[in-house]
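Me: I'd like to learn how to read a ligand site. Can you walk me through one?

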Amino acid sequence: MSTPVVSPHADAPAIGDTRLLIDGDRVDAAEGATFDVFNPATGELLAKVAEARAEDVDRAVKAARRAFESGPWRDMKPAERARVIWKLGDLLLENAAELGGLETLDNGKPFLQAKGGDVPAAAGLFHYMSGWATKLEGSTIPISFPGTFHTYTKREALGVVGLIVPWNFPLTIAAWKVAPALAAGNTIVLKPSEVTPLTALRLGELALEAGIPEGVLNVVPGFGADAGAALTAHPDVDKVSFTGSTTTGRTIMRAAEGNIKKLTLELGGKSPDIIFGDANLEAAIQGASDGIFYNQGEACAAGSRIYAHRSVYDEVVAGLSKAAEAIKVGDGFDPDSFIGPLVSKQHHEKVTGYVDLGREEGTVASGGTYAKDGGYFVTPTVFTNVTDESRVVREEIFGPVVSVLPFDDTDEVIRRANDTRYGLTAGVWTESMSTAHKMADALKAGTVWVNCYGVFDAAMPFGGYKESGWGREMGGIVLDDYTESKTVCIKVGD
Ligand code: NDP
């Protein structure tokens, strides 16, 4: 059996059962394999977790298929399904300290942010989506033969959905996908990142406690190249929703071709955050700082390219550098830490490689240092004197690293902001309503924030233009991606 390793923090929760969750049971992997999970604040072993491989994924898909076809969830009264999903949201809030603590141990992010941000956001998804269980309506359609046909549409669950979740917001992004999938009556195989599997396993337990029938939510931690690939290629999985890198998104598109799976892809970003000369600079600088440094910059929506109008450029660089220097970097259980360690050794190597590259491509205005051993820490880093062609400006770094570039006029900054293969989010800071509307229209991004950054809500659709992905998460619109529309045409006259 996979055995939890004793948690290293006095305030940290117990790790709990680290076996797979299939058909309502906690089980070891078929081959008995486990993998190691590390605490990114120390680099030390945190837990050994059962490692799902293709055979386990198949077992989970079969359980999900049985649960779907036998109908305890799909055929449950919608109001009852809504009640159970709501209850799961309540259980997340009741267990916020434990879930937040697991997230800090596993991902490194500050405990206060995990408990006060990630967990309530996840709970909010279940509370919001529970309302949709009773509102999945079709429509009646007046076709061209009056009195002859009665035609209507209805919405039905897709079947078995595979949900593949990354390590940056493990619980919250799982909730983005699990909550609408449940509301629509689907059954689920959830594969968390092997770097951060702990909260997904606990979510599966809490789902059972809420009354979600066995086999409806199966959780199979494992490696992307093995468990993830098996799930995306499985012929009995009807849909895959994936959040992660654009490179892996492409691999998943190819794997899904076998049975023409439906796909939702939420991929990378290199989001522009644009500060005009008339902006409230105090708010803009703090907002831009939070927009890049929150969650260690490990966010697909991070505002990693800041364009500041030349008239305020020096002030923005000075203010941002000051904000960066004021940020406390440290162990996530220290209540003063605003930034914890990066998630893994591998990711630390990637981000610090970009920090070194930025030194060559431009100038360090602030930060630029990082831990060489122990935990995977990087100080918030601000680069100037880079160009639109610099790699640190073009490539997704996914760490607390930002470039600040000057601009002179509106059309120029629109062109430069859109000059990227990504199109996930954008920020605009201005006191002019006409500039705000012009920018909101012109920016090629799935979300545009004006005089704010990083505002998320279960009711707000989120997703990308261009290579940032396909489909949307959250909001009522996401239910389209978890249901089929069936057209029924009945002859009622001659
Ligand atoms: P990946 O895209 O490789 O991983 C995301 C998820 O996909 C994980 O659960 C991973 O499993 C799984 N996965 C990996 N390969 C496959 C596959 N062939 N088939 C199915 N699932 C697969 O991201 P990384 O963790 O490697 O991070 C690399 C970069 O991706 C980051 O530096 C960042 O730029 C970007 N990223 C973007 C995110 C976003 O929110 N859009 C989130 C995370 C990363 P496993 O972890 O077990 O390999």
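Reply: Domain bounds here come from an automatic or database domain assignment. The shell around the ligand takes at least three residues from domain 1 (20–267 + 469–486) and at least three from domain 2 (272–456). This is a predicted model, where local features need pLDDT of at least 70, side-chain atom pairs count only at pLDDT 80 or more, and totals for chains, interfaces and linings use all residues. Residues are numbered from 1 along each chain as its sequence is written, and side-chain values use heavy atoms, with hydrogens and water left out.

Me: Which residues come nearest to the ligand?

Reply: A residue is near if one of its heavy atoms lies within 4 Å of the molecule. Of the 28 residues around the ligand, the nearest are Trp-167, Glu-194, Ser-245, Lys-350 and Glu-396.

Me: How much of the ligand's area is buried?

Reply: Areas come from the Shrake-Rupley method with a 1.4 Å probe. Alone, the ligand exposes 860 Å², and the protein buries 86% of that.
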